[in-house]
Amino acid sequence: MFLTLPLMVVRVNTVSKEVEWRWSNLIWVGLCAFAIAWFWQFSIERRASRRSQVVADTHVVEEKRSLAQRLADDPVLSRRVLRVAAAVAVVFPWLVSTDQNFYHVNVMVSALIFVVLGLGLNITVGLAGLLDLGYIAFFAVGAYTYALLSKNFDLGFWTCLPLGGLVGMLFGVVLGFPILRLRGDYLAIVTLGFASITKIVLENWDTLFGGAAGIANIPRPDLFGMALNGRQKSVYTYYIVLALVGLTILVTNRLKNSRIGRAWMALREDEIASVAMGVDMARTKLSAYALGAFWAGLVGVVFAAHNNFINPDSFTFMDSAMILAMVVLGGMGSILGVIIASLALKLLPEYLRAFAEYRMVVFGAVMVLMMIFRPQGLINNMRRKYEYDTVEGGHDDDSNK
Amino acid sequence: MTATNKGKKLLEVSGLTMDFGGLRAVDTVSLDIFEGEIVALIGPNGAGKTTFFNCVTGIYEPTAGDVRIHPPGGKTRRINGMKPNRITTFGLARTFQNIRLFPAMTVLENVMIGRHCRTGTTILEAILGSRRSTREEKETVDKSYQLLKRVGLADVADEFARNLAYGAQRRLEIARAMATDPFLLLLDEPAAGMNPQETQELDELIVRIRKEENLAILLIEHDMKLVMSISDRIYVMEYGKEIAQGTPREIKENPRVIEAYLGEEAHA
């Protein structure tokens, strides 16, 4: 309260050179501080009481689950919820937009682009445990690939979409090779450096990348050469990104439950043990890195097409941190969690523009609270149940020999 | 103890030396393992037993010496300096002294990782859900589940590995190692931290594995009761050097070994 005093209560009016004292603000500060402190204390006590309960129950190590967690763990219910969500996503642009006003569709397109980014980084960070602080660089690579190809070679959106992904992947592999032997913090520093280098090159190589001014007049996605008005273009882009989100979910889900995905997770858990169990570390890490970069490159193309214009300012470290925050907040490795967190982190600031000044404060506070009370993220990486024949087992045993 | 029927040689280590800077952790150690044998490697703390293991399994590259494997039905290979995952693929599997499971994965998934090097689904196949990926996935699950059953962990298959009791974690490590289809299993202190009853169960498990899977086993162990009851042959190390080898009876009476374990005075 003492620290907020000069900030909230005292205001120097520079025009009339007077000091305004806004004492009423002090009450608000006091009330807020009290509320926060009370909530803090309450949460800590609740956690302590839970812990003692668990201790009292001795053997049962049933982990406490949140509402979202329970929902996610219930297959029937979660499938229903997902179906409804998918249906809403499909009809969404027609509900909220008119020919004059399609602001909401555009906002949603940006949000969905970040959902794909979050899911892509989820492969690298969440599943394979490779901390990547420069993920946005691959996004930039994809965006600039499309911008340059369409400008210089007149290539269309649909040709460039896979190309952007592949170029992103190529950068991932090229960067991946030298840094694969690095771990944890060291890897993070190198990827951070890579992102900075990318941004600086983009800013300073005027002749090729247009420097800080960026590249303008990037064509929007084309639909068999049909002329689309502004709203239709946005809606069309919306469906493209939505399809990409679906594709990303499908691919991540398939990989996660495959030999490859398990190897990623094993590497994340314990490198030496997984190597001793026959997992090829270099190849597995590289595949995770390249695949993560692929999605960033792919969606970078959509980003460039959607905005018509790109410049290096869209690819700052803040964006990398934001995507990483989505993965961590959502729950490492959890697809549903990352989607929810991405949408929340992208949409809330957009619709809470009135509080834009306090955005980062709230953001920081939420992060701190999350790390204290729910460090595993919104939704845990689901524990997969495999199907096996419990009854037949004995017979199999004999037939094996 | 039954006399060892010296069949085919599986592992041949000769003059293995490992230096860490100026420290010679393993000093010209030679060791052979024959088909179907259980061999124990014993010695006081810091004798270099685990370092020896790490050299054989590729975690370290030995400074000097040779490690050769003769897989049954395979060709002889010199494996020192190779990557650990390749060595595992050739048929050497190990467990760790300080348990190294994948804590946030389920018990079944832990074993499934062991099948990784015996399956070959590529990324593309996994994404497209090809026939091979579905078939391999099913095989992996079935085989892993059978292994869990064999070590008595089938009922906790869907539990997280970190939630298992200590003894169960040790058994899970053995199951995971066996999932790689090895011809030689290297166990690093499998009974460490176990109570007498768990050790007894482990004893039975090891003997059963050897019999059912026709594996050879090399183990590092401090529990002398276990070592003496299950080993066919024993190697003893002290300060990086090999000081004795022989059958459990020979080792028990070897003055050099008694000295190493009990000190000079007890011997005198």
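What follows is a short exchange on confidence, domains and a helix pair.

Guide: This is a predicted model, in which local features need pLDDT of at least 70, side-chain atom pairs count only at pLDDT 80 or more, and totals for chains, interfaces and linings use all residues. Residues are numbered from 1 along each chain as its sequence is written, and chains are lettered from A and ligands numbered from 1 in the order in which they are written.

Visitor: What is the mean pLDDT of chain A?

Guide: pLDDT is the predictor's confidence in each residue, from 0 to 100. In chain A, 86% of the residues reach 70 or more, and the mean is 81.

Visitor: What distance separates the centres of domain 1 and domain 2 of chain A?

Guide: The bounds, which come from an automatic or database domain assignment, are 4-56 for domain 1 and 67-373 for domain 2 of chain A. Taken over C-alpha atoms, the separation of their centres is 36 Å.

Visitor: At roughly what angle do the axes of α5(A) and α15(A) cross?

Guide: Helices are DSSP runs (H or I, at least four residues), numbered from the N terminus, while axes are lines fitted to C-alpha atoms over the stretch in contact, with angles from 0 to 180 degrees between N-to-C directions. The axes of α5(A) (residues 103-127) and α15(A) (residues 335-351) come within 9 Å and cross at roughly 145°.

Conventions
Helix = DSSP H or I, 4+ residues; strand = E, 2+ residues; numbered from the N terminus.
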